[in-house]
Amino acid sequence: MEKRNVKRFAAIGMLSALSYALMLLNFPLPPFPKYLQVDFSDIPALIAAIVMGPMAGVAVELVKNVLDMITTGSETGVPVGHFANFVAGVVFILPVYAIYIRLKNKKGMAIALIAGTVTMALVMSVMNYFILLPLYVMFMNFPALSGPEALELVVTAIFPFNVVKGLMITALFMLIFAKIQDWLLKQQRAFKKA
């Protein structure tokens, strides 16, 4: 049991470090506001979830954001952006895990990734409207947004951004998955036995 826990913690630690490094390579997409950044740090969390279960993926998302908060800080003084990134990652990887674990093939992974993208885009739209945008107004002294202005921002920027981000992660992960699918299944079996 102790050996199993050490192996799991080591794997989560390595995947968290990789996820953190990928988070630092974030970039804006020109049609969207510059504060909406794309990164591929959810890919190691997806691998953790597939190999070790959903809580391992959540742990990678958490550690990545804590590391980034410690090293880069937060513009607001409060980790609003890190909280948003954590929630976005979790609501992306959990549907992917839930669907893929039942289908376990390339088509199943593609369906799972699309479902994760849609879930992330919808949840983050609602969350931005009700929680995140008001927090940014409060902590960053942004001009207050009226309900229609906030809704317009969600519909024209936040929702489409999360769809595009999810599709970019989907495309890259499918390329990786095609090469490592057998390895992932082997690792999954190894972690279940350990």
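The accessible surface of the chain comes to about 10200 Å². Carbon and sulfur atoms account for 72% of that area. The model is predicted. Of the 194 residues, 43% count as buried.

The chain holds 6 helices and 2 strands. Their order along the sequence is α-β-β-α-α-α-α-α. The radius of gyration is 17 Å, close to the 16 Å given by the globule rule for 194 residues, so the chain is as compact as a globular protein of that length. Along the principal axes, the C-alpha atoms fill a box of roughly 55 × 35 × 25 Å. Among contacts with a separation of 6 or more, 71% join residues 24 or more positions apart.

Helices H1 (2-24), H3 (54-72), H4 (80-103), H5 (106-140) and H6 (147-193) each give two or more residues to the lining. H5 supplies the largest share, with 7 residues. By residue class, the lining divides into 18 nonpolar, 11 polar and 4 charged.

Phe86 is found in helix H4. Its relative accessible area is 21%. Buried residues fall under 20%, so Phe86 counts as partly exposed. Beyond its neighbours within four places in sequence, Phe86 is in contact with Val58, Glu61, Leu62 and Asn65. Gly57 lies 29 residues from Phe86 along the chain, and the C-alpha atoms of the two are separated by 11 Å.

Notes. Residues are numbered from 1 along each chain as its sequence is written. This is a predicted model: local features need pLDDT of at least 70, side-chain atom pairs count only at pLDDT 80 or more; totals for chains, interfaces and linings use all residues. Side-chain values use heavy atoms; hydrogens and water are left out. Helices (H or I, at least four residues) and strands (E, at least two) are DSSP runs, numbered from the N terminus. Ala, Val, Leu, Ile, Met, Phe, Trp, Tyr, Cys and Pro count as nonpolar, Asp, Glu, Lys and Arg as charged, and the others, Gly among them, as polar. Buried means under 20% relative accessible area, exposed over 50%, partly exposed in between (1.4 Å probe, protein chains only). Contact means heavy atoms within 4.5 Å. The radius of gyration is taken over C-alpha atoms; the globule rule is 2.2 Å times the number of residues to the power 0.38. Accessible areas come from the Shrake-Rupley method with a 1.4 Å probe; for residues, only the protein chains shown count as cover.
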